[in-house]
Amino acid sequence: MTVYDAAFVNSELSKPTSIFGLRLWVVIGIFVGAIIVLILFLLSLCITSRRRRPYHRHPKLAAGETTPVVSKEIQEIVYHDAAPPAVPEIQIDIGKVEHRVVFSDRSQASGESRATSGTETASFASGGGGPEVSHLGWGRWYTLRELEAATNGLADENVIGEGGYGIVYSGVLGDNTRVAVKNLLNNRGQAEKEFKVEVEVIGRVRHKNLVRLLGYCVEGAYRMLVYEYVDNGNLDQWLHGDVGEVSPLTWEIRMNIILGMAKGLAYLHEGLEPKVVHRDIKSSNILLDRQWNPKVSDFGLAKLLCSESSYVTTRVMGTFGYVAPEYACTGMLNEKSDIYSFGILIMEIISGRSPVDYSRPSGEVDLEIIMSLF
Ligand SMILES: Nc1ncnc2c1ncn2[C@@H]1O[C@H](COP(=O)(O)OP(=O)(O)OP(=O)(O)O)[C@@H](O)[C@H]1O
């Protein structure tokens with residue numbers, strides 16, 4: 001290019017355009033910049049969608065062919081009103097077996113913070129890798145690579161369940177330990193909270209009737225929880241799934257389940273300081289081993305309560321049919337809320353009926369009302 005050409009290009013580029021009187025080179029610069037940003041955006045979209053796993057509604061159980069599969073969907077119901085009515089109207093999707101209920105922001109003044117206590121609070125800000133032994137002083141900090149290897153790359157065949165906030169995979173660690181890996185879906189802010197709560201609440205807890213959390217993984221956007229593997233499905237499947245003509249749940253087994261649950265709950269409420277209120281006691285959160293021993297699982301909604309007194313929550317959470325009415329109406333939480341849910345569960349175990357069953361005639365939908373007639 002000659003000096004003349006360069007001067008010509010320079011003068012052409014310096015000419016003002018009709019776009020806000022900007023010079024041509026500024027317009028070209030903006031245009032090129034926008035294209036680069038668009039390409040980067042498309043690339044990141046591509047990478048994100050490749051890393052995402054398919055969402056399973058009816059996963060195949062790896063616990064054994066004998067474990068029945070029960071079809072169910074969990075509905076999240078959120079109240080956006082700052083002050084819901086004293087007796088809230090719950091929108092119900094007829095036909096669904098279970099309904100997760102969330103009454104949000106009941107009373108900001110009460111200042112709820114999930115699972116807050118004077119105990120240690122983990123910081124999960126770091127990404128990428130981490131020490132083998134967790135800095136929390138218990139369990140292990142697993143790398144994403146380890147858990148991908150354990151679960152065959154989070155393979156569909158390894159899916160054993162799906163909850164409101166994540167997909168659960170069976171896996172085998174390098175030392176041959178069978179584990180359940182819960183990959184929390186990051187599509188709701190709740191997942192991050194659920195992760196922290198589970199780590200804080202059950203990280204240190206050891207009880208034969210509470211599912212044991214072995215460790216966790218925090219890498220990039222991934223939040224995973226690693227539990228002991230409980231190999232006989234959950235109580236909901238055995239009560240309401242296809243178990244053949246005669247249920248294997250004899251009265252003795254049912255009593256054993258109720259007793260084990262009572263011990264687990266007594267430990268949470270009486271044996272720990274601060275005590276733990278589970279807030280989501282229901283049949284699908286009771287895992288069973290081959291000897292039919294129950295293990296309470298899914299502490300994602302749990303709360304630590306320091307004092308003897310009740311606690312007013314800003315969000316009433318739980319599953320429809322199991323939530324104590326006084327807790328739903330007032331937001332006042334204490335361990336009795338768990339005991340109410342436990343009572344509903346006992347009725348469910350005895351009768352074999354779901355707490356709420358919309359396939360029944362209107363007067364028979366609510367199990368609690370039916371049982372109160374006897
Ligand atoms: N430690 C475990 N061992 C074996 N199976 C497990 C384990 N943890 C969870 N599962 C299986 O994965 C399923 C989903 O568990 P998860 O706790 O995520 O959800 P959920 O309790 O069914 O639903 P929600 O989260 O909505 O309350 C369980 O019902 C159970 O069948």
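Reader: Where is Asn176 found?

Author: Asn176 is in the loop between strand 5 (166-172) and strand 6. Strands here are DSSP runs of E with at least two residues, helices are runs of H or I with at least four, and both are numbered from the N terminus. This is a predicted model, in which local features need pLDDT of at least 70, side-chain atom pairs count only at pLDDT 80 or more, and totals for chains, interfaces and linings use all residues. Residues are numbered from 1 along each chain as its sequence is written, and side-chain values use heavy atoms, with hydrogens and water left out.

Reader: Why is Asn176 called exposed?

Author: Its relative accessible area is 65%. Exposed means over 50%, buried under 20%, and partly exposed in between (1.4 Å probe, protein chains only). So Asn176 is exposed.

Reader: What is phi of Asn176?

Author: It is near 70°, a positive value in a residue other than glycine. Most residues other than glycine have a negative phi, and most peptide bonds are trans. Trp292 also has a positive phi, of about 65°, although it is not a glycine. Trp292 sits in the loop between strand 10 (286-288) and strand 11 (294-296).

Reader: What makes Trp292 buried?

Author: Its relative accessible area is 15%, so Trp292 counts as buried.

Reader: Which peptide bond is cis?

Author: The one from Glu273 to Pro274, with omega near 0°. Pro274 lies in the loop between helix 6 (251-271) and strand 9 (275-277).

Reader: Which residue does the UniProt annotation "binding site" cover?

Author: The unreviewed entry gives Lys182. UniProt positions follow the numbering used here, feature names are shortened, and annotations may be inferred rather than shown by experiment. Lys182 belongs to strand 6 (residues 178-184).

Reader: Is Lys182 buried or exposed?

Author: Buried, because its relative accessibility is 7%. Contact means heavy atoms within 4.5 Å. Leaving aside neighbours within four places in sequence, Lys182 has contacts that include Glu194, Glu198, Tyr227 and Asp298.

Reader: Why does Glu198 count as buried?

Author: Its relative accessibility is 0%, so Glu198 is buried. Glu198 is placed in helix 4 (residues 189-202).

Reader: What does the side chain of Glu198 reach?

Author: The backbone nitrogen of Phe299, at 3.1 Å. A polar contact is a pair of N or O atoms within 3.5 Å; within protein, one must be able to donate a hydrogen and the other to accept it, and residues adjacent in sequence count only if both atoms are side-chain atoms.

Reader: How do you know that the span of helix 8 agrees with what it should be?

Author: The expected span is 1.5 Å times one less than the number of residues. Helix 8 (residues 335-351) has 17 residues and should span 24 Å; its end C-alpha atoms are 25 Å apart, so the span agrees.

Reader: What caps the N-terminal end of helix 8?

Author: Asn334 does, with a side-chain oxygen 2.8 Å from the backbone nitrogen of Lys336. Gly352 follows helix 8, with a positive phi near 75°.
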